[in-house]
Amino acid sequence: MAELISAAKGNSTTGNTLFSPYKMGRFDLSHRVVLAPMVRCRAIGSVANAAMAEYYTQRSTPGGFLISEGTMIAPGSNGYPHIPGIYNDEQVEAWKKVVDGVHRQGSVFFCQLWHAGRASHTVYQPGGGAPISSTTMPISSTWGPLLPDGSYGKYPKPRALEASEIPRVVECYRIAAINSIRAGFDGVEIHGGHGYLIDQFMKDGINDRTDEYGGSIANRCKFLMQVVQAVVSSIGADRVAVRISPAIDHLDAIESNPLALGLEIVDRLNKFQESNGSKLAYLHVTLPRYHAYQKNASKKQGMGEEEGVEMIRALRRKYNGTFMSSGGFTRELGMEAIRQGDADLISYGRLFISNPDLVLRFKINGKLNKYDRKTFYTHDPIVGYTDYPFLGKEKANHQPLSRL
């Protein structure tokens, strides 16, 4: 009983595991293994479809928690081909079928709201214009955008948003959040990490602005907090989460003092929650271990495994609410993080791609399927998507698409 009381308060204690129940605000979770948000490029024409419904339903469990792939908040906010959107009625209606399938399995489902910013290409922009950002500096040739024909290109020079334009972008997040609830999602995760638009404002290696959105850490966090305020005011704090990655230099998102940035974000979120009188659903933080899984990671920040874990622990100790970690976790590392109180929830990406029944496999410590990176971002509705076998099956246990 003490364990359940502690979980309900949002505090991990010795004795908790990945399979201990957890109360995340209004949501009662039966375990702590979360499907991480992952780009999959299967939404042909930016509209969710039956294959996506099967994919998410396969990974749903009673009392489980899933986060959708990054979902476009506006035309041109994508950085990959065939990314789903949540900014028009057709997209909302299509997502309803996906969400319904997840809910029938008893899982909680959040939509990740995403804007790629400069991590896009002119081919994805309305009228072929430059993608928007906090800066006019392009992403270096170390990285390359995936283009519709399957090749990799070169990131173009972005257009720095005028301060007067930023409220319109904030409004896109707000409308996307409302649309997510219309589609049946239980809440939204604001993507503020991994080198995408919000992160481009927060990292001093990108943000070279001289207005009220640049310079000091406080100024660089202003855009994030405006988005949080707008979204919370529309759908309620307990349906809103934030993802950040202070120590991740993915897509040249370099920060000279990751710990200071992380602590500033946490402090601002804590103060916002206190003034709002309600907690956010959770804070989702990516560990520097994520670098080891990125083919082009430059590791310019030089943060090692131990230092990265200590940074995350510092953020976890300071944050007043549910804390989720991601980034290269195995079953054993996830169990240890929960047991040590370093996180309340652990999100898994690649292991969940190749193991639709990952929760069961973790619970019995079963053998895992290997993932195939070559099929991560293809557009095939089955291969590398819904054809990974369940435990004890030679082939994936597909639910008929007609039922979804």
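A crossing counts as left-handed if the near helix is turned anticlockwise from the far one by less than a right angle, and right-handed if clockwise. With that in hand, helix 8 passes helix 9 in a right-handed crossing. This is a predicted model, where local features need pLDDT of at least 70 and side-chain atom pairs count only at pLDDT 80 or more, while totals for chains, interfaces and linings use all residues. Residues are numbered from 1 along each chain as its sequence is written, and side-chain values use heavy atoms, with hydrogens and water left out.

**Helix 8 and helix 9**

- Helix 8 (residues 258–276) and helix 9 (residues 305–318) pack at about 15° with axes 10 Å apart; helices here are DSSP runs of H or I, at least four residues, numbered from the N terminus.
- That makes helix 8 roughly parallel to helix 9, the label for angles under 35 degrees.
- Axes are lines fitted to C-alpha atoms over the stretch in contact, and angles run from 0 to 180 degrees between N-to-C directions.
- Helix 8 brings Pro 258, Leu 259, Gly 262, Leu 263, Val 266, Asp 267 and Asn 270 up against Met 311, Ala 314, Leu 315 and Lys 318 of helix 9, with contact meaning heavy atoms within 4.5 Å.
- By class, that contact has seven nonpolar, two polar and two charged residues. Ala, Val, Leu, Ile, Met, Phe, Trp, Tyr, Cys and Pro count as nonpolar, Asp, Glu, Lys and Arg as charged, and the others, Gly among them, as polar.

**Helix 7 and its partners**

- Helix 7 and helix 8 cross at roughly 30°, their axes coming within 11 Å, and are therefore roughly parallel to each other.
- This crossing is right-handed too, and Leu 224, Met 225, Val 228, Gln 229 and Val 232 of helix 7 meet Ile 265, Arg 268, Leu 269, Phe 272 and Asn 276 of helix 8.
- Helix 4 and helix 7 (residues 222–235) cross at roughly 35°, with axes that come within 9 Å, and the crossing is right-handed.
- The contact of helix 4 with helix 7 has 12 nonpolar, two polar and one charged residues.

**The second largest pocket**

- The second largest pocket has a volume of about 220 Å³.
- Of its 14 lining residues, His 115, Ile 132, Arg 159, Leu 161 and Val 169 are the closest to its centre.
- Helix 4 (residues 166–182) gives the most to this lining, with three residues.
- On a 1 Å grid over the protein atoms alone, a pocket is an open set of points where a 1.4 Å probe fits, with protein on both sides within 12 Å along at least five of seven lines; lining residues have an atom within 4 Å of a point.
- Points are joined across faces, edges and corners, and the volume is the space filled by probe spheres set on them.

Methods
Helix = DSSP H or I, 4+ residues; strand = E, 2+ residues; numbered from the N terminus. Parallel < 35°, antiparallel > 145°, perpendicular 65-115°, else oblique.
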